[in-house]
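Here is the note you asked for on this model. Please keep the sequence and the structure open while reading.

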Amino acid sequence: MKRNRRIISTIEDFVQRTPILDTHEHLIEETRRLAGPHADDPLYPCNDWSYLYHHYSSQDLCSVGFSREQARRFFDPQVSPKDKWQIFEPYYRSTWNTAYFQAVEHTVRLLFQEERIHKGNVERISEKMRAQTRKGFYAHILHGVANIESCQVNSLEHMLCETEYPDLLLQDMSINGFCTGFGHQHIARARATTIKDWYDLIDQNFEHYGPRAIAVKTQAAYWRDLSFERVTAEEAEPLFARFARDQHALTAAEHKALQDHFFRYCVQKAIEYNLPIKLHCGYLAENNMMPLERLKRIAADLCPLLQDYPQARFILMHIGYPYQDEFIALAKHYSNVYLDMCWAWLINPQASMRFLKEALLAVPAAKLLGFGGDYYPVEPIVGHAYIARQGIAQALSELVLEGWLSEKRALRVARYIMRDNALRVFDYERVQKAWQQNV
């Protein structure tokens, strides 16, 4: 028993001390936080204790019946912290058990020194939040409290955010608007009439943003399948010409073919610029709109793409939950696949621990990325990182105690998945030099 406790303690201590290279966030810029909230801002409506529940936790509230009107009042900056508690408390009793909510509880404890949230401290927490919202507070929270060295940010507002802190907040380049999320209005705005015009637009944006991007990212799984079929330029050219003239000119199949063609064009550009390709896989955020049957096919749909671009690096995100077994198989089989555990610790920490144990017995450890908070507010990242560290330490401890790993190798794996693998997969040095030159 003493040996077991020593092993667990050694691994837990190492995991706590190891700085994380966070591979996925949606953080809004610190300057926007400093400018103050607005009630109609979908990403920053208030700056009191309720904001801690704005991203993800609000979806569990919705799941138990929290109405849109209640949500509007709960996040209204004009409603007092104590009045917000009255709105929140009946639903809190039904949702406090989820990891979304536990991440907030850990944040409240670690960031604001409050053991848990309750009626008696919501005003005090709100005051502490407002007091800390000052220049440099992102670095304080990420470095000083969460022990996160840097974050990779996929902006929800920009193709690539012109960040104030490029060393702390490395930026993904979104390719949605070029391939899977573009519409007739985007083509009209770009004054593109031929397929060459659209190629030129893609090329220009890669030339402008590519050197400073840490990766390219698409959330296409939210609105379509990920079976990106081969469509030649000769096949795509007349489709684009018709679509440029009339948004209703293409059938659904033709529209998909055009998207497929441009997505593969973007994959080729990402290879040219040495950019990993991040794909949202599995569970969808928000409520009451998830087509599980389509998500179930993602791993199989991706196989032709993985085979056609062996020189690319595909980052399959969120462990593909709840179909993570198929993603373990992909990473084991395909040399160009990496698995990112971002968000997964929040969705289901027990499933994530099982995934990590099973992946480490099937997939080379160098292909796993251990943490991404996936938040647009900075504060809850603290609690999510705490949950992830707890899960990583427990999974590795169990593998040691069950005889699958030595203690020494478990510590090496912890460092791999928390930081070393990110340094191998992503070109941090190139990106930092490009930002310095741009400045």
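1. Basis. The model is predicted, so local features need pLDDT of at least 70 and side-chain atom pairs count only at pLDDT 80 or more, while totals for chains, interfaces and linings use all residues. Residues are numbered from 1 along each chain as its sequence is written, and side-chain values use heavy atoms, with hydrogens and water left out.

2. Terms. Helices (H or I, at least four residues) and strands (E, at least two) are DSSP runs, numbered from the N terminus. Contact, or touching, means heavy atoms within 4.5 Å. Buried means under 20% relative accessible area, exposed over 50%, and partly exposed in between (1.4 Å probe, protein chains only).

3. The core. In soluble globular proteins, nonpolar side chains tend to be buried together. A nonpolar core here is a set of buried Ala, Val, Leu, Ile, Met, Phe, Trp, Tyr and Cys residues joined through side-chain atoms within 4.5 Å. The largest one has 160 residues, and Tyr53, Phe262, Phe314 and Leu316 touch the most other members. Helix α18 gives the largest share of this core, 11 residues. Leaving out residues up to four places away in sequence, the contacts of Tyr53 include Phe74, Phe75, Phe88, Tyr92 and Phe101, and also Glu105.

4. Helices α6 and α18. Two packed helices are described by the angle between their axes and the distance between the axes. Helix α6 (residues 99–112) packs on helix α18 (residues 381–401) at about 110°, and the axes are 7 Å apart. Axes are lines fitted to C-alpha atoms, for helices over the stretch in contact, and angles run from 0 to 180 degrees between N-to-C directions. The pair α6 and α18 is therefore roughly perpendicular (angles under 35 degrees count as roughly parallel, over 145 as roughly antiparallel, 65 to 115 as roughly perpendicular and the rest as oblique). On the α6 side the contact is made by Ala99, Gln102, Ala103, His106, Thr107, Arg109 and Leu110, and on the α18 side by Val382, Gly383, His384, Tyr386 and Ile387. These residues divide into six nonpolar, five polar and one charged.

5. An unreviewed UniProt entry places "domain: Amidohydrolase-related" at residues 167–427. UniProt positions are given in the numbering used here, feature names are shortened, and annotations may be inferred rather than shown by experiment. Over residues 167–427 the chain is 53% helix and 10% strand, with the end C-alpha atoms 13 Å apart.

6. Backbone to check. Most residues other than glycine have a negative phi, and most peptide bonds are trans. Tyr56 has a positive phi of about 75°; Tyr56 sits in the loop between α2 (30–35) and α3 (57–63) and is buried at 3% relative accessibility. Asp374 also has a positive phi, near 70°. Asp374 lies in the loop between β8 (368–369) and α18 and is buried at 2%. The peptide bond from Tyr321 to Pro322 is cis, with omega near 5°, and Pro322 is in the loop between β6 (314–317) and α15 (324–333).

7. Buried residues. Leu306, in helix α14 (residues 298–308), is buried at 1% relative accessibility. Beyond four places in sequence, Leu306 is in contact with Phe314, Leu330, Tyr334, Asn336 and Val337. His184, in helix α9 (residues 184–190), counts as buried at 19%. Leu405, in the loop between α18 and α19 (407–425), is buried with a relative accessible area of 19%.

8. Glu123. Is Glu123 buried or partly exposed? Glu123 is partly exposed, at 38% relative accessible area, and lies in helix α7 (residues 122–132). Not counting residues up to four places away in sequence, Glu123 touches Pro81 and Lys82.

Definitions and conventions:
Ala, Val, Leu, Ile, Met, Phe, Trp, Tyr, Cys and Pro count as nonpolar, Asp, Glu, Lys and Arg as charged, and the others, Gly among them, as polar.
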